Amino acid sequence: MSQSPVTPPAPDPMRWKALVFIALAQLMVVLDATIVNIALPSAQEDLGISEGNKQWVITAYALAFGGLLLFGGRIADLWGRKRTFVTGLIGFAAASALGGAATGEAMMLGARALQGVFGALLAPAALSLLAVMFTEAKERAKAFGIYGAIAGGGGAVGLILGGFLTEYLNWRWTFFVNIPFAVIAAVGAYFVIREPSEGRNRSPLDIPGVVLSTLGLVALVYGFTRAESDGWSDAVTVTMFVASVVLLAAFVVTEAKVKSPLLPLRVLTERNRGGVYLSLGLAIIAMFGLFLFLTYYLQIVQGYSPVKTGFAFLPMIFGMIVGSTQIGTRLMTRVAPRYLMAPGFLLAAVGMLLLTQLEVDTSYAGLILPAQLMLGLGMGTAFMPAMSLATHGVEPRDAGVASAMVNTSQQVGGAIGTALLNTIAASATTAYLTDHAASATTPAAQKLVAAQAMVEGYTSAIWWAVGILVAASAIAFVLVNTGADDGSAAAAGDGEGVEDAVKIPVVAH
């Protein structure tokens, strides 16, 4: 049926207030990804969680969140983004309360899975609300700059907050701290957000797509998690990867044939959005591995306390905020996105390259601090246009599922990064110990060799992270070809320009 162009509606007068509550919710979700890592040893001891099951405190959340993101994005398009956003916040608060009050292993794992379920509702709804509320180019750049800084820097803030709460209060507060965040964001969103009515997608839900995508993503995330603990040749690991390929291939075939797909392939096949999802996923692989290694290096090798470790990440947060809100935001309306994304990922790769020079006694000020500043500036500059471009030019009815793809690439990238780089580091550490253990004949020498072996593992994995960031830069430069977001054009590789974005789709149901 034909589509009739309409005049774009006047900007929502409450949009900047809405951004505060959307940003607060995003900060809570990103914080939760790292804050629990700091608290895990204490929680494990208190609740009697076995060594073999401790990874499930992280994995239960990752599986539910990563597996259900596309479904959550589609629910936001169908049910309304504001309603989905508020429901996600309330559910996340309830699940966090359950986790903080956990009396045993089963209750903790159940709470983490529930957090993942409601996070999968919340995260795509938050990003798609920004996409439909901020339509003017300069305002959009500023809004996505703030969102990008939070998405990039929130994980490091989680390390600081997790250190404080665990050291001075109790591990349970790493869960309870989510409740005020969620309540304030939910109440504010309820009264402030006015979602444009024309952005709904009321097509019937694609149940086969939901089942195939959820099972395929769960199998992929679990495969990488399993590889980290049991090895890449483990029968279950291999089975998970094979199952994931089969299920996701079946999902793509299904989406090409059904009338109302869960993930319309037009969202993926447009080269700019595809380039963003791919390059962002690769960058997150590198970043998540780094958070893990630097945390262990500072605490175990250098002997930092949890709080001091958290503060040691501040230069990266500062760099991300400056890169996102000052460089990315100011240049996005003047410079094509690929000229921000590609150099941003390359600058981050140079920062990562510095960290390959880590030694047991490396100076923080001389090496780690400048490396973090470069990483933060590079990532912040690249994240900002990437977040905006991921939903720019999509029809309003697809905004939720396009937002979900950004979160999916981040979540799957995080799971892959942690497992892949951890496995590389462990192999290098074992090889170093095998070669040098015989020469360490005194307790002091053995301790030094053990520390050097750990550092050897970290630097070996960081070399891989450098290569991954260079690949992300190349993909962004080659695939992302849209012009500057000056308000005159959108990511229009498939004919979806601003004209499409301001049409009300009239779809026959």
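The questions and answers below concern a predicted model.

Visitor: How much space lies in the largest pocket, and which residues are the closest to its centre?
Guide: The space in the largest pocket comes to about 1,400 Å³. The pocket is lined by 45 residues. Of these, the closest to the centre are N37, E228, L292, Y296 and T418.

Visitor: Which element gives the most to the lining of the largest pocket?
Guide: Elements that give two or more residues to this lining are α1 (15-47), α2 (55-79), α5 (137-169), α8 (207-230), α11 (271-301), α16 (399-436) and α17 (443-479). With ten residues, the element that gives the most is α16.

Visitor: How many residues of the lining of the largest pocket are charged?
Guide: The lining of the largest pocket includes 23 nonpolar residues. A further 17 are polar. The number of charged residues is five.

Visitor: Is α11 roughly parallel or roughly antiparallel to α14?
Guide: The axes of α11 and helix α14 (residues 338-355) come within 12 Å and cross at roughly 20°. Angles under 35 degrees count as roughly parallel. Therefore α11 is, relative to α14, roughly parallel.

Visitor: What is the handedness of the crossing of α11 and α14, and which residues of α14 make the contact?
Guide: The crossing of α11 and α14 is left-handed. On the α11 side, the contact is made by V276, S279, A283, A286 and L290. By class, the residues of this contact are eight nonpolar, one polar and no charged. From α14, the residues are M341, F345, M352 and L355.

Visitor: Is α11 roughly parallel or roughly antiparallel to α15?
Guide: Helix α15 covers residues 364-389, and its axis lies 11 Å from that of α11, at an angle of about 155°. Angles over 145 degrees count as roughly antiparallel. The orientation of α11 to α15 is therefore roughly antiparallel.

Visitor: Which residues of α15 make the contact with α11?
Guide: The crossing of these two helices, α11 and α15, is left-handed. From α11 the contact draws on N272, R273, V276, L280, A283, I284, M287, L290, L294, Y297 and L298. Its residues divide into 15 nonpolar, two polar and one charged. Those on α15 are I368, Q372, L375, M379, F383, A386 and L389.

Visitor: How many residues of the contact of α14 with α15 are nonpolar?
Guide: The axes of α14 and α15 are 7 Å apart, and the angle is about 160°. That angle makes α14 roughly antiparallel to α15, and their crossing is left-handed. The contact has four polar and no charged residues. Its nonpolar residues number 21.

Visitor: Where is L109, and with which residues is L109 in contact, leaving aside its neighbours within four places in sequence?
Guide: L109 is in helix α4 (residues 105-133). Its C-alpha atom is 8.8 Å from that of I58, although L109 and I58 are 51 residues apart along the chain. Leaving aside neighbours within four places in sequence, L109 is in contact with W56, V57 and A60.

Notes: Residues are numbered from 1 along each chain as its sequence is written. This is a predicted model: local features need pLDDT of at least 70, side-chain atom pairs count only at pLDDT 80 or more; totals for chains, interfaces and linings use all residues. Side-chain values use heavy atoms; hydrogens and water are left out. On a 1 Å grid over the protein atoms alone, a cavity is a set of points where a 1.4 Å probe fits but cannot get out, and a pocket is an open set with protein on both sides within 12 Å along at least five of seven lines; lining residues have an atom within 4 Å of a point. Grid points are joined across faces, edges and corners, and a volume is the space filled by probe spheres set on the points. Ala, Val, Leu, Ile, Met, Phe, Trp, Tyr, Cys and Pro count as nonpolar, Asp, Glu, Lys and Arg as charged, and the others, Gly among them, as polar. Axes are lines fitted to C-alpha atoms, for helices over the stretch in contact, and angles run from 0 to 180 degrees between N-to-C directions. Angles under 35 degrees count as roughly parallel, over 145 as roughly antiparallel, 65 to 115 as roughly perpendicular and the rest as oblique. A crossing is left-handed if the near helix is turned anticlockwise from the far one by less than a right angle, and right-handed if clockwise. Contact means heavy atoms within 4.5 Å.
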